[in-house]
Amino acid sequence: MRISVRLVMLCFLLQLSLHGVSAYAASYAVDLDSWLKESSPSEKHGTDVELSVKNASADDMRAVLHYDISGIAADANISSAVAWFWVSGKDDSGDAINVHRVTANWNENSAKCNTIADDYDAAVSGSFSPINDAVWVGVDITALVQAWVC
């Protein structure tokens with residue numbers, strides 16, 4: 001299955017509270033993005049405007065995204081975090097797209113499948129199954145964001 005995610009506004013929205021103070025909302029946009037292609041492991045896609053995702057033996061495609069959340073206090077309680085993706089195209093297989101935490105440092109202009117493709121946490125942090133083209137899809141990543149700030 002190949003999904004194209006256009007980076008119109010790939011961001012996550014969150015609600016958080018600090019020291020018991022009322023929750024407030026904030027949004028964080030992706031500051032680095034690329035995608036990795038298993039069948040062409042040395043290709044770089046850091047300047048592409050769409051990210052491709054595909055689950056296929058020997059031809060996986062994985063998107064990698066980075067959010068700068070350094071402004072969130074380490075003791076913040078994340079009550080809700082949703083990542084939003086614009087799905088610009090899909091095929092008809094209906095397979096789920098899983099969200100994982102990337103475990104290696106990477107650079108948008110040098111990320112390649114043969115350097116970081118296996119550097120992710122196997123635990124699924126969220127998922128979605130695109131059923132339509134040209135739609136926004138929200139994925140709950142609350143636990144993942146809470147782990148990032150701790």
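The side chain of Arg62 meets that of Asp60 in a salt bridge, with an N to O distance of 3.6 Å (a side-chain nitrogen of Lys or Arg within 4 Å of a carboxyl oxygen of Asp or Glu). The model is predicted, so that local features need pLDDT of at least 70 and side-chain atom pairs count only at pLDDT 80 or more, whereas totals for chains, interfaces and linings use all residues. Residues are numbered from 1 along each chain as its sequence is written, and side-chain values use heavy atoms, with hydrogens and water left out.

The structure contains three salt bridges. One of them joins the side chains of Asp59 and Lys54 at 2.7 Å, N to O, and both Asp59 and Lys54 are buried. In another, the closest N and O atoms of Asp121 and Arg101 lie 3.6 Å apart. This pair links distant parts of the chain, 20 residues apart, with Asp121 in the loop between helix H1 (113–116) and strand E7 (126–128) and Arg101 in the loop between strand E6 (97–99) and H1 (helices, H or I with at least four residues, and strands, E with at least two, are DSSP runs numbered from the N terminus). Asp121 is partly exposed at a relative accessible area of 29%, as is Arg101 at 32%.

Thr142 lies in helix H2 (residues 142–149) and, with a relative accessible area of 16%, is buried. Beyond its neighbours within four places in sequence, Thr142 is in contact (heavy atoms within 4.5 Å) with Ile78, Ser79, Ser80 and Ala81.

How values were computed:
Buried < 20%, exposed > 50% of the residue type's maximum accessible area, 1.4 Å probe, protein only.
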